[in-house]
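Here is a short tour of a structure that may be new to you. Have a look at it first, and then read on.

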Amino acid sequence: MSLFQLIALFLLGWFGFRQFVKFKGAPAVKILYQLRWFFITLLAVLFVGDPGLSSFVAQKLGIGRGADVVIYFALIWLLYQNYNQTQEIEKLYDKLDKLVRQLALKGNHARSNNEESNESNKETRN
Amino acid sequence: MVFANILVIIPVYNEQEHVAGVISMLQGAGFVDILAVNDGSSDNTSGVISDVEVQSLNHWVNVGLGAGLRTGFEYAVANGFDYVITFDGDGQMRAEDAVKIFEEAQRGHDFVYGCRDFNIPGVPKVRKFTNLLADLLTAMLSGRYVKDTQSGLRCIKVDLLKKFDLKSRGYSISSELIIQSINHGVIPKPVKIDAIYTKESLKKGQKISNSFRVVKELLG
């Protein structure tokens with residue numbers, strides 16, 4: 001086993017352990033989400049542990065080199081993740097925008113109501 | 001002269017130095033309904049606004065110019081105003097120009113805006129370029145070329161505003177307003193105005209990154 005494999009497997013093992021810790025007591029939906037990451041980590045462990053596997057897949061897919069298969073799939077995965085995260089951030093910004101503007105407008109109504117009730121209180125007192 | 005049923009919306013972000021002057025200038029010109037929308041300023045803008053006789057709304061966090069204007073528009077619709085005038089809070093505009101565009105709107109134009117001349121001496125080339133870029137992009141999206149789409153001085157009839165479905169949070173609101181107006185069959189009418197270029201306004205407006213942000217927001 002090469003030095004690279006040792007380092008990569010150690011890092012992947014640590015990453016897998018962190019996911020395993022999060023499994024405990026997590027709701028079903030979270031477990032499904034974590035399983036997706038667990039599957040990706042397992043795939044990475046297999047490719048790092050047995051480089052012949054990526055060459056086999058590359059041959060079957062007609063790509064050529066095993067390393068290229070890993071790079072291509074990693075790029076597609078990263079692109080997909082990036083797109084998803086950008087969409088999520090955009091949704092959060094939309095929610096923030098709505099919340100901040102509603103608070104501003106409602107704050108104004110609340111202030112107007114307070115002013116009105118203060119004035120009517122004054123009139124009642126007088 | 002006093003202008004009734006017109007709401008002047010001033011979106012402000014960190015404008016403690018200028019906002020009071022801008023408000024008193026507008027009040028001096030006869031505008032009675034002025035709304036300052038403080039978009040989460042981190043300086044004393046909020047304190048300055050509360051010290052002057054003006055309506056104000058506060059965003060708890062900074063969302064962007066578009067969000068500030070949309071809050072103001074919503075307020076105008078809810079309170080039954082006939083027209084809104086949008087006016088920058090950085091002291092770059094003159095109250096007489098707001099009067100000028102309002103008078104033009106009263107002649108039957110539902111959307112009038114202040115069109116600046118970028119060929120006067122002192123305007124940086126990068127600013128001309130970024131404005132041209134934004135104008136071209138707006139033209140591509142609306143199907144009609146309109147000059148100086150990024151001008152912050154506009155007068156819009158509230159009846160027209162009610163038809164808009166505005167989404168922009170940031171600087172792209174300027175282009176979005178023009179696009180939606182054209183889509184509703186109203187070609188914005190330009191009125192020539194003089195822009196006052198201060199050191200701060202040039203610093204804020206000339207960033208080329210702002211143009212790219214407009215492009216990104218419009219396409220995104």
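Of the 126 residues of chain A, 6% count as buried, where buried means that 20 or more other C-beta atoms lie within 10 Å of a residue's own, exposed means 12 or fewer, and partly exposed is in between, with C-beta atoms placed from the backbone. Before going further: this is a predicted model, in which local features need pLDDT of at least 70 and side-chain atom pairs count only at pLDDT 80 or more, while totals for chains, interfaces and linings use all residues. Residues are numbered from 1 along each chain as its sequence is written, and chains are lettered from A and ligands numbered from 1 in the order in which they are written.

Chain A has four helices and zero strands, so its elements simply read α-α-α-α from the N terminus on. Helices here are DSSP runs of H or I with at least four residues, strands are runs of E with at least two, and both are numbered from the N terminus. If you look at contacts in chain A between residues at least 6 apart in sequence, 30% of them join residues at least 24 apart; a contact means C-beta atoms, placed from the backbone, within 7 Å.

Now pick out A:Glu88, which sits in helix 4 (residues 66–125) of chain A.

Where the two chains meet, chain A brings 10 residues and chain B brings 12 residues. On the chain A side, six are nonpolar, two polar and two charged. For that count, Ala, Val, Leu, Ile, Met, Phe, Trp, Tyr, Cys and Pro are nonpolar, Asp, Glu, Lys and Arg are charged, and the others, Gly among them, are polar.

On to chain B and its open sheet: seven strands in the order 3-2-1-4-6-5-7, with mixed pairing. Strand 3 (55–59) and strand 7 (189–193) of chain B each have a single partner strand, so they stand at the edges with one side left without a neighbour in the sheet. Strands pair if DSSP finds at least two bridges between them.

Strand 4 (residues 83–86) of chain B runs parallel to strand 1 (residues 3–12) of chain B, with four bridges joining them. Strand 4 of chain B also pairs with strand 6 of chain B over four bridges, this time in the antiparallel sense. B:Thr86 takes part on both sides: B:Thr86 is the bridge partner of B:Ile9 and stands opposite B:Arg154 in strand 6 of chain B. In a regular strand the side chains alternate between the two faces of the sheet. In strand 4 of chain B, B:Tyr83 and B:Ile85 point one way and B:Val84 and B:Thr86 the other, and all are buried.

In the largest nonpolar core, which has 55 residues, B:Val8 and B:Val84 touch the most other members. Such a core is a set of buried Ala, Val, Leu, Ile, Met, Phe, Trp, Tyr and Cys residues joined through C-beta atoms within 7 Å.

| Residue | Phi | Loop in chain B |
|---|---|---|
| B:Asn14 | about 50 degrees | between strand 1 and helix 1 (19–28) |
| B:Asp148 | about 55 degrees | between helix 5 (125–142) and strand 6 (154–157) |

B:Asn14 is buried, with 20 other C-beta atoms within 10 Å, and B:Asp148 counts as buried with 23.
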